Amino acid sequence: MSIRVFLILFAGVLGLSTASSVSHSTSAAEPAASPFVLQMIRDDSVHAELQLSTDQIDQVYEAIGEVDPRWWVNRIAPLEKQSTEIRELTAMLKSRLSSVLSADQMNRLKQLEKQAAGTRFVVHPDAVAALELSESQVEKLKETFTATDEEVAKLQKQVADKEMEATDAAKDVAAIQARERQSLVGLLTRDQQAKIGTLLGKTFDFSKVQRTYPRAPEFVLEGAEWIQGEPETMEDLRGKVVAVYFYAFQCINCQRNFPHYKAWHDDMADQGLVVIGIQRPETSAERNRERVLAAVEKDGFEYPVLFDEESGNWNAWGNTMWPTTYLIDKKGFIRRWWQGEMNWQGTPGEQQMRGSIEQLLAE
């Protein structure tokens with residue numbers, strides 16, 4: 001299990017956002033922003049739960065198209081800015097959805113948002129009001145959640161520092177979850193506990209949710225050009241699984257991934273996989289169009305390559321390092337990404353990514 005996968009699991013189990021951990025200055029009545037609505041509203045299982053019509057789903061896609069570009073690059077912003085942006089984008093999206101969904105559908109979406117938040121839903125303003133929590137209860141909940149956050153931070157650091165296996169840390173997650181849930185029950189009166197069911201509604205199985213990331217950014221052609229293959233657009237590639245990777249041809253870590261991309265293209269192009277390379281220069285030599293072209297031929301790329309000379313695509317994707325590889329599903333949504341060499345120090349990254357591609361092709 002990679003560190004990234006562990007952190008996502010950790011967030012999902014506790015109802016936390018890895019992008020916006022609760023700080024000591026965050027009050028219980030105003031919790032850190034979490035992108036639950038931004039995440040869930042794009043998934044087929046949630047559409048089915050809300051009983052959306054085909055027309056409503058199309059309108060939902062239009063709505064998320066307005067927030068996704070900002071949300072995707074927000075993941076690399078400082079934590080404080082991330083939280084502020086998530087609040088603003090969530091408000092924008094909910095405003096749009098209120099004109100698309102019926103009152104019953106919006107109410108169910110709010111219930112799903114609370115369920116996704118786990119125990120933390122009780123500190124949202126509407127829950128505080130509905131449960132009639134006292135100031136003392138709110139303060140004790142704040143202390144409980146802060147203590148959990150501190151444990152989260154310690155475990156994250158231990159995994160990141162390779163002092164603890166992610167699988168072992170994941171076991172600790174279950175214990176932390178149980179303890180926090182038990183603390184919540186102990187802090188609420190019987191009447192308050194009885195009201196929780198009304199606020200949450202029927203339990204939804206979030207394990208069915210597959211799409212939680214934005215749609216892939218459209219290719220930017222200002223300051224960029226296709227130097228191999230026919231020009232592509234993300235919209236035209238709908239119905240295909242797409243592997244997009246950012247590289248610089250002199251980057252040794254990038255070069256070690258090249259055989260994997262070639263193998264994917266050779267093995268799965270006939271099944272509907274499209275591999276696309278985006279060469280974003282790091283050195284002066286990598287800004288030379290002729291040298292980039294020569295490297296494409298030398299490295300045996302047989303798929304489209306975009307020369308991102310002015311970094312328009314790099315910025316649109318919020319990219320931060322070479323190489324980075326993204327997998328996009330048939331509806332154009334980012335489903336997984338990998339930073340760095342896929343088989344770094346024995347990590348079975350290529351095998352994992354290949355497995356993900358096969359799953360996406362089968363959908």
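In this predicted model, Trp 264 sits among quite a list of neighbours: leaving aside residues up to four places away in sequence, Trp 264 touches Ala 243, Ala 269, Leu 273, Val 275, Thr 325, Leu 327, Met 342, Glu 350, Met 353, Arg 354 and Ile 357. Trp 264 also belongs to the largest nonpolar core, which holds 51 residues. Within that core, Val 244, Trp 264 and Trp 317 are the members that touch the most others. As for where the core residues come from, strand β2 (residues 241-247) gives the most, with seven residues. There is also a second, separate core, made of 44 residues, and Val 46, Leu 50, Leu 93 and Val 100 are among them. As a general point, nonpolar side chains in soluble globular proteins tend to be buried together.

Turning to the helices, a packed pair is described by the angle between the two axes and the distance between them. Take helix α5 (residues 79-98) and helix α6 (residues 103-116): their axes come within 11 Å and cross at roughly 150°. Angles over 145 degrees count as roughly antiparallel, so α5 and α6 are roughly antiparallel. Their crossing is right-handed. On the α5 side the contact is made by Lys 94, Leu 97 and Ser 98, and on the α6 side by Met 106, Leu 109 and Glu 113. Sorted by class, the residues of this contact are three nonpolar, one polar and two charged.

Helix α8 (residues 135-160) and helix α9 (residues 166-187) form another pair, with axes that come within 11 Å and cross at roughly 175°. These two helices are therefore roughly antiparallel to each other as well. From α8, the residues involved are Gln 137, Lys 140, Leu 141, Thr 144, Phe 145, Thr 148, Glu 151, Leu 155 and Val 159. They meet Ala 166, Ala 169, Asp 172, Ile 176, Arg 179, Glu 180, Ser 183, Leu 184 and Leu 187 in α9.

Arg 108, Gln 111, Lys 114 and Gln 115 of α6 meet Thr 198, Leu 199 and Leu 200 of α10. By class, the contact between α6 and α10 comes to two nonpolar, three polar and two charged residues.

Conventions
Residues numbered from 1 in each chain as written. Predicted model: local features only at pLDDT ≥ 70, side-chain atom pairs only at ≥ 80, totals over all residues. Heavy atoms only, no water. Core = buried A, V, L, I, M, F, W, Y, C linked by side-chain atoms within 4.5 Å. Buried < 20%, exposed > 50% of the residue type's maximum accessible area, 1.4 Å probe, protein only. Helix = DSSP H or I, 4+ residues; strand = E, 2+ residues; numbered from the N terminus. Contact = heavy atoms within 4.5 Å. Axes fitted to C-alpha atoms, helices over the stretch in contact; angles between N-to-C directions. Parallel < 35°, antiparallel > 145°, perpendicular 65-115°, else oblique. Left-handed = near helix turned anticlockwise from the far one by under 90°. Nonpolar A, V, L, I, M, F, W, Y, C, P; charged D, E, K, R; others polar.
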